[in-house]
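Here is a short report for a reader who is new to this structure. Please look over the sequence and the model before reading on.

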Amino acid sequence: RSVLGRITMEPGDAVVCNHPAWGGSHLPDITVIQGVYDTHGDLVGYVANRAHHAEVGGIRPGSMPPAAASLEEEGVVFEPMYFLWKGESCHDAIRRVFLESRWPTRRIEENMADLMAQVAANQMGSEALKDLADAAGRGKVQQMMERIREHASWLMRSRLEESDGLDCRGIQELDDGTRIELHLRVADGRMAIDFTGTSDVHPGNLNATPGIVRSAIMYCLRLWIGQPIPLNDGLLEMVDINLPECFLNPPFPEKACDCPAVVGGNTETSQNIVEAFMKATGLMAGSQGTMNNLIFGNERFSFYETLGGGSGAGKDFDGGSAVHSHMTNTAVTDPEILEDRYPVRVLHWGIRSGSGGDGRHNGGDGMTRKLEFLEAVQVNLITHHRTRGPSGMAGGQDGLPGSQFLYRDGCRTRLRHIDHFDAQPGDILEINTPGGGGYGRPS
């Protein structure tokens, strides 16, 4: 919606954007959007492809710098612009943005190849939707899309009727004390979610966007209604979100150097929005509340992955161990591939036994990973729940907090929850991810 308000999109056009003011999450996530038209030239809908690029510039390799204080420092910024215009390539203009920014990309050919792959994926989706529209009729396809939205709206309306009068709060603190305050009320068939009291714009990179907040709330609402439906706007039809200016809704001035940094808002803050909702509604104990972002690289390559941990328990289930939870949607790299393609050795990778909180139902355990670096690289860590573990619920115990250490020359140094260092060959990084909270008093 934000992109369409900024740039026109017609047949043969493909638009690229990663700017958080126009629906972006953080700069490595570049989105390509295309319209889909039937054989009569009528618009059927849109296809979009969002892919995380391991390198898009910025002050440190991997484009997720822990110390960034502005959007410009995090990498190359794309306001909505054409990758294809009326079927003609705009690649040269895209390359110039990648290479002429203040901190340009270190892997231009990979960036361009990945963007072309995104366009190809969109083209496949476009052809499939076009074929469906030609076979069934554009009106029928759009009607069925609307039915999906209406079904979600009906389920949400039913859940609201059951919960009339609900009035609850959830407060979640990040490791540096930044607060998310969520006040949820249900009355007269509508839900109001108010973030008044949430901390101001963050001086670092933990700022989120209204799009991220809506995504997190939509995910939570699907859990709340307890039905396995596709995520869609029907869930939000009866929901009013009050989001004042804060670190979940920061201003974005015209110049990237004046915009707040956001790279951790997409990964870390989104998780903690979910945790605030879980606390408010009592759905389940705290999960790891972080994506345990690990980024390392140099001028030759960049590598990024998120690590699983413990998920929280609920009133009738135990938490999962060493899994990605809630807003995470990535898979970890196989050790064989990691060691084959990058200058690291996996020394240990296993479940962190005993890190989940005890309860009538136990929280899931986190995981431990030890990596030895075989050449000089810059390492970045963006994590949370390193000072206090995820919360237990209904008398269940908290999970253990995570931790991370650097081993060098026989010495062990504890690293902060958001940290970076320059690794030398032989250095070892140990990451222990948080366990999930338990539910109910232990028997």
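How many salt bridges does the structure hold? The structure holds 26 of them. The model is a predicted one. Some of these pairs are described below, after a look at the whole protein.

## Overall build

The protein has 443 residues. Its secondary structure consists of seven helices and 18 strands. Along the principal axes, the C-alpha atoms fill a box of roughly 65 × 55 × 40 Å. The radius of gyration is 22 Å. A compact globule with 443 residues would come out near 22 Å, so the protein agrees with that expectation.

Buried residues make up 54% of the 443. The protein exposes about 18800 Å². Carbon and sulfur atoms supply 48% of that area. Contacts can also be sorted by distance along the chain. Among contacts with a separation of 6 or more, 69% are between residues 24 or more positions apart.

## Salt bridges across the chain

Start with Lys86 and Glu10. These two form a salt bridge, and their closest N and O atoms are 3.1 Å apart. The pair links distant parts of the chain, 76 residues apart. Lys86 sits in the loop between strand E4 (81–85) and strand E5 (88–89). Glu10 belongs to the segment before E1. Lys86 is partly exposed, with a relative accessible area of 48%. Glu10 is partly exposed too, at 39%.

Next come Arg345 and Glu372. Their side chains meet in a salt bridge, at 3.3 Å from N to O. Arg345 lies in strand E12 (residues 344–352) and Glu372 in strand E13 (residues 366–373), so the pair ties together parts that are 27 residues apart in sequence. Glu372 has 18% and counts as buried, because buried means under 20%.

## A further pair and a network

Asp419 and Arg416 also meet through their side chains in a salt bridge. Here the N to O distance is 2.8 Å. Asp419 is buried, at 8% relative accessibility. Arg416 is exposed, with a relative accessible area of 52%. The cut-off for exposed is over 50%, so Arg416 passes it.

Salt bridges can also join into networks. Which residues are linked in a network of salt bridges? They are Glu146, Arg149, Arg157 and Glu237.

Ser25 is placed in the loop between strand E1 (14–17) and strand E2 (29–37). Is Ser25 buried or exposed? Ser25 is buried, with a relative accessible area of 3%.

What does the side chain of Ser25 make a polar contact with? The partner is the side chain of Asp29, at 2.9 Å. Leaving aside neighbours within four places in sequence, Ser25 is in contact with Arg50, Ile212, Val262 and Asn266.

Leu43 is found in strand E3 (residues 43–52). Its relative accessible area is 31%, so Leu43 is partly exposed. Patch members need over 30% relative accessible area, and Leu43 has 31%.

## Two residues with positive phi

Ala322 is not a glycine, yet Ala322 has a positive phi of about 50°. Where is the place of Ala322? Ala322 is in the loop between strand E11 (302–305) and helix H7 (335–341). With 31% relative accessibility, Ala322 counts as partly exposed.

His385 is not a glycine either, and its phi is positive at about 55°. The loop between strand E14 (377–382) and strand E15 (403–408) holds His385. His385 counts as buried, at 8% relative accessibility.

Definitions and conventions. Residues are numbered from 1 along each chain as its sequence is written. This is a predicted model: local features need pLDDT of at least 70, side-chain atom pairs count only at pLDDT 80 or more; totals for chains, interfaces and linings use all residues. Side-chain values use heavy atoms; hydrogens and water are left out. Helices (H or I, at least four residues) and strands (E, at least two) are DSSP runs, numbered from the N terminus. Buried means under 20% relative accessible area, exposed over 50%, partly exposed in between (1.4 Å probe, protein chains only). A polar contact is a pair of N or O atoms within 3.5 Å; within protein, one must be able to donate a hydrogen and the other to accept it, and residues adjacent in sequence count only if both atoms are side-chain atoms. Contact means heavy atoms within 4.5 Å. The radius of gyration is taken over C-alpha atoms; the globule rule is 2.2 Å times the number of residues to the power 0.38. Accessible areas come from the Shrake-Rupley method with a 1.4 Å probe; for residues, only the protein chains shown count as cover. A salt bridge is a side-chain nitrogen of Lys or Arg within 4 Å of a carboxyl oxygen of Asp or Glu.
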